[in-house]
Amino acid sequence: MKKELKILIYSMINNLIISIIKIVSGLFYGLGSLFADGMHTFSDFITDIVCLIGAKFSKRKPTKYHPFGFGKIEYLSNLFVGIVLFILGLYIIVSSFFKPSVIPPFSIMLVLIIVFILKFIAIKIMYKVGKKIHSQVLITSYKESKADLYSTIGVAIITIILQFSNKFPILEKADVIGSILIGLIVLKTSFNIIFDNSLSLIGEIESDEEENKNINLLLEENTLIKNYKYDLIKYGSYYKLQLTIELDPETSLREVTILENKLKKDIIRHRKLKIKYVTIFVTSK
């Protein structure tokens with residue numbers, strides 16, 4: 001949790017700085033697409049705060065009424081992020097029609113290069129740490145931040161195109177078109193986040209190949225198990241394993257109890273597995 005918290009705070013500060021630079025520059029130079037890009041980045045700052053709160057509450061210990069913990073709170077906070085982005089995307093698209101066209105100085109490219117580098121470093125860190133500690137919050141922030149990175153590239157392209165708008169008046173529409181495209185990128189990101197986290201919230205089965213491989217290796221080591229099948233259910237940064245094992249009909253009740261307890265301990269304590277809760281069903285033929 002400490003590492004996840006540090007990365008979220010770093011991302012939050014980074015997004016606040018970048019959004020201020022973009023919004024102020026967009027207003028100063030009258031570049032609507034840069035202002036829209038700044039609003040997009042500011043939404044990252046707001047959603048980082050939401051993710052920070054979600055990550056904190058998702059680590060709460062299980063209770064009598066929530067025996068499998070609060071990991072799914074991460075999905076609720078991410079759904080809120082998706083809804084905020086959806087509203088922002090619509091705002092960017094509508095407001096783009098009311099901004100006058102201008103030719104920004106080419107020196108604005110320096111601003112875009114700086115914010116691009118700052119954002120690129122941040123998303124690289126988020127992706128690396130998110131994958132390592134299996135943080136759904138950091139992975140969602142990474143996906144959202146990639147869209148912001150692409151929109152910054154788009155603003156740079158628009159700035160270059162606008163330099164030729166004196167000779168080719170039709171190019172004056174590049175800023176409006178760019179703002180609309182940024183809005184569409186935001187909408188697409190919001191749809192992806194809402195869709196992915198809705199599935200996880202209702203109990204999506206995990207398809208992590210590395211996790212499944214380690215589970216299979218552990219189960220196949222036990223000679224008492226004749227056959228098995230399982231479902232790996234996502235709970236934010238950890239999993240719940242529903243395991244069905246087939247044993248020999250002559251296996252005694254005492255052996256079954258010992259095996260169940262051993263399996264649960266081995267699975268939960270396994271250093272390469274991210275499973276916190278195990279439910280075992282025993283069958284025989």
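Colleague: Why is Tyr-29 called partly exposed?

Modeller: Tyr-29 has a relative accessible area of 25%. Buried means under 20%, exposed means over 50%, and partly exposed is whatever falls in between (1.4 Å probe, protein chains only).

Colleague: Before we go on, what am I looking at here?

Modeller: This is a predicted model, so local features need pLDDT of at least 70 and side-chain atom pairs count only at pLDDT 80 or more, while totals for chains, interfaces and linings use all residues. Residues are numbered from 1 along each chain as its sequence is written, and side-chain values use heavy atoms, with hydrogens and water left out.

Colleague: How many aromatic pairs are there, and what makes Phe-28 and Tyr-29 one of them?

Modeller: The structure has 6 aromatic pairs. For Phe-28 and Tyr-29 the centres are 5.0 Å apart, with 85° between the planes. Rings of Phe, Tyr and Trp (its six-membered ring) pair if their centres lie within 6.5 Å; planes under 30 degrees apart are stacked, over 60 edge-to-face, and the rest tilted. So Phe-28 and Tyr-29 pair up edge-to-face.

Colleague: Stacked or edge-to-face: what about Phe-116 and Phe-120?

Modeller: Those ring centres are 6.2 Å apart with planes at 15°, so the pair is stacked. Both residues sit in helix H4, 4 residues apart, which is about one turn of the helix. Phe-116 has a relative accessible area of 27% and Phe-120 has 38%, so each is partly exposed.

Colleague: Which residues of H4 are buried?

Modeller: Among them are Ile-108, Met-109, Leu-112, Lys-119, Ile-123 and Gly-130.

Colleague: Why does Ile-123 count as buried?

Modeller: Its relative accessible area is 6%, under the 20% cut-off, so Ile-123 is buried. Leaving aside neighbours within four places in sequence, Ile-123 is in contact (heavy atoms within 4.5 Å) with Tyr-142, Ser-145, Lys-146 and Leu-149. Ile-123 and Leu-138 are 15 residues apart in sequence and 9.3 Å apart in space, C-alpha to C-alpha.

Colleague: Glu-211 is in helix H7 (residues 209-220). Is Glu-211 buried or exposed, and why?

Modeller: Buried: Glu-211 is at 2% relative accessibility, so the under-20% rule applies. Beyond the residues up to four places away in sequence, Glu-211 touches Leu-232, Tyr-239, Lys-272, Leu-273, Lys-274 and Ile-275.

Colleague: What makes E2 and E3 a pair?

Modeller: Two strands pair if DSSP finds at least two bridges between them. Here 9 bridges join E2 (residues 238-247) to E3 (residues 275-284), and the strands run parallel. Leu-241 has Val-278 as its bridge partner, and Thr-244 stands opposite Phe-281. As for cover, 8 of the 10 residues of E2 are buried.

Colleague: What does "right-handed" refer to in the unit made by E2, H8 and E3?

Modeller: E2, helix H8 (residues 253-269) and E3 form a β-α-β unit. A crossover is right-handed if, with the strands pointing away from the viewer, the path from the first strand over the helix to the second runs clockwise. That is the label this unit gets.

Colleague: What is the tally for the whole chain?

Modeller: The protein chain has 8 helices and 3 strands, and 47% of its 285 residues count as buried.

Notes
Helix = DSSP H or I, 4+ residues; strand = E, 2+ residues; numbered from the N terminus.
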